[in-house]
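Subject: Structure handover

Hello,

Here is the structure for you to look over.

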Amino acid sequence: MKLLHRVNPIALALGSLLLAGAAHAADTIKIGMPQPMTGPNTQYGTQIQAGALTAIETINAQGGVKGKKLEAILIDDGCEPKQAVPAANRVVNSGAKFAVAHACSGVTVPAVNVYEQEGIVAITPGATSPLVTDTTKPHFFFRTIGRDDQQGPFAANYIAKTLKPKKVAVLHDKQTYGSGVASQVKASLEKEGVNIALYEGINVGDSDYSAVITKLKSSGVDLVYFGGYHPELGLLLRQSREQGLNVQFMGPEGTANQDLVAIAGPAIEGLLVTLPADFTKMPGNEGIVKAFKDAKRDPDGAFQMPAYAAVQILAKSIEAVGEDPAKVADYMHKTTFDTGIGKVEYDAKGDLKDFEFAVFKWDKDGKKTQL
C-alpha cells in the first residue's frame with residue numbers, strides 16, 4: 001500500500017520564509033560593529049558608527065561590493081571588558097565575517113582571541129594599546145589608528161621640546177588603555193631627561209581626588225599628564241582648579257570627549273590632547289566630508305575618519321579577493337591602501353606602519369584647535 005504524505009501548509013510557509021531570509025542574507029555582506037552604545041564612553045562608539053555607517057552608505061550608493069550591499073550589524077559592548085567576549089560572539093552569531101570592532105582597548109584585548117579563533121577579519125579604529133596585537137600577534141585583526149607606543153613618545157616629545165616643564169606628574173586610571181599610554185609617556189620623558197616628580201594611579205569612579213591633588217601641589221609640578229578617559233580627567237581638572245592647582249594638563253585621545261566640558265566646566269581651558277590628525281582637512285577628502293554632512297553626521301572627531309577608512313579597506317579587499325576572510329586578511333597584510341586617513345600599510349601583526357598624531361588645545365567652550 002502506498003502511503004500519502006500530506007504537506008503541512010504552515011511548515012511550507014515557514015520554510016519559504018527561511019529560504020527567503022537566507023537568500024536575503026546572501027545578498028549582503030555583513031559587517032559587525034561592536035561599540036560602546038551605553039555607558040560613559042558612548043561618544044566614542046557614536047564617532048565610530050558615524051564613520052563606518054557613512055562609508056557603508058557611500059559604498060552602497062556606488063553599487064556596493066561585487067554587486068552586494070554592505071550591512072551594518074550594531075552591537076553594544078559598553079566599553080566594558082566583561083562584555084568583550086559576549087559582544088565578539090554576537091558578531092560571530094550574526095553571521096558576519098568582517099567587523100569594525102571596539103573603541104576601547106580593555107574590551108579589544110580579550111575580544112581579539114574570538115576573531116582569531118573564528119577567522120573574522122576585524123579592524124579597530126580606536127583601540128591603541130600595544131597589548132591588542134602584542135599579546136596574540138593576530139593575523140585577522142588590524143587597526144586604523146596608531147598604538148600607544150607611537151602616541152606616547154609623540155606626546156612626550158612635545159612636552160620635552162615645546163612645553164619644557166621643570167617637573168611633571170604622570171597619572172593614570174590603572175586600566176589597560178590609561179596605564180599603557182601613561183607608561184609610554186613616562187618612559188619617553190625619562191629618556192628626554194624630564195624630571196618625573198610623581199607617577200601614580202587613581203581609581204576609576206571616585207568622586208573626590210583631593211588626596212592626589214594635594215600630592216601634585218606639594219611636589220611642585222608644572223605639568224600633569226593623565227592617561228585614561230574623560231570622566232576622571234574632568235573631575236581632576238575641575239577639582240584641581242577649585243583647590244588652587246593651576247598647571248598645564250595633557251591627555252591622550254581617550255580624554256577627548258565633549259562630555260568633558262560638562263564635567264570640568266571652564267577648567268577645561270588650555271587642556272592639551274593628542275589626537276589623530278584632522279583628516280577632514282586632508283586634500284582629497286572633500287567628498288568624504290560632504291558625505292558626512294549630507295548624512296547629518298559630524299566628521300570632526302578622533303575616530304570618525306579611522307572608522308571610515310576601516311570600511312574602505314574591508315570593501316577594497318573583498319572587491320579584490322572575494323569574501324573568504326583568510327584571503328582578505330592575506331591581502332590586507334601585503335597591500336597599500338589609499339583611504340580617508342591617507343596611505344595605510346600593515347606590518348605582520350596588523351599594526352599601521354605609520355600614523356599621524358597631532359596636539360590639540362581646548363578652549364573653555366570645548367572647541368579644539370590643532371597646534
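Predicted model: local features only at pLDDT ≥ 70, side-chain atom pairs only at ≥ 80, totals over all residues.

Residues are numbered from 1 along each chain as its sequence is written, and side-chain values use heavy atoms, with hydrogens and water left out. Helices (H or I, at least four residues) and strands (E, at least two) are DSSP runs, numbered from the N terminus.

Cores first. A nonpolar core is a set of buried Ala, Val, Leu, Ile, Met, Phe, Trp, Tyr and Cys residues joined through side-chain atoms within 4.5 Å. Buried means under 20% relative accessible area, exposed means over 50%, and partly exposed lies in between (1.4 Å probe, protein chains only). The largest core has 101 residues, and V100, Y115, V121, L271 and M332 touch the most other members. Helix 12 contributes the most to this core, with 10 residues. A second, separate core of 17 residues includes V170, V185, L189 and Y225. Back to L271: beyond its neighbours within four places in sequence, its contacts (heavy atoms within 4.5 Å) include L233, F249, M250, F360 and W362.

Next, the rings. Phe, Tyr and Trp (its six-membered ring) pair if their ring centres lie within 6.5 Å; planes under 30 degrees apart count as stacked, over 60 as edge-to-face and the rest as tilted. The whole structure has nine aromatic pairs. One of them is F279 with F355, edge-to-face, at 5.9 Å centre to centre and 65° between the planes. This pair links distant parts of the chain, 76 residues apart: F279 is in the loop between strand 10 (272–276) and helix 11, and F355 is in the loop between strand 12 (342–344) and strand 13 (357–362). F279 is buried at 4% relative accessibility. F355 is buried at 11%. F355 also pairs edge-to-face with F357, at 5.0 Å and 70°. F357 is buried too. Elsewhere, Y44, Y177, Y229 and F303 form one aromatic cluster.

Now the salt bridges (a side-chain nitrogen of Lys or Arg within 4 Å of a carboxyl oxygen of Asp or Glu). The structure holds 17. K68 bridges to E323, with the closest N and O atoms 2.8 Å apart. The two are 255 residues apart: K68 is in the loop between helix 2 (42–61) and strand 2 (69–76), E323 in the loop between helix 12 and helix 13 (325–334). K68 is partly exposed at 23%, and E323 is partly exposed at 32%. K161 meets E192 at 3.9 Å, N to O. K161 lies in helix 6 and E192 in the loop between helix 7 (176–191) and strand 7 (196–201), so this pair ties together parts 31 residues apart in sequence. Salt bridges that share partners join D134, R143, R147, D149, K349 and D351 into one network.

Last, the backbone. Which residues other than glycine have a positive phi? K164 has phi near 50°, and K296 has phi near 60°. K164 is in the loop between helix 6 (148–163) and strand 6 (168–172). K296 is in the loop between helix 11 (286–294) and helix 12 (304–321). K164 is exposed at 60% relative accessible area, and K296 is exposed at 77%.

Best wishes
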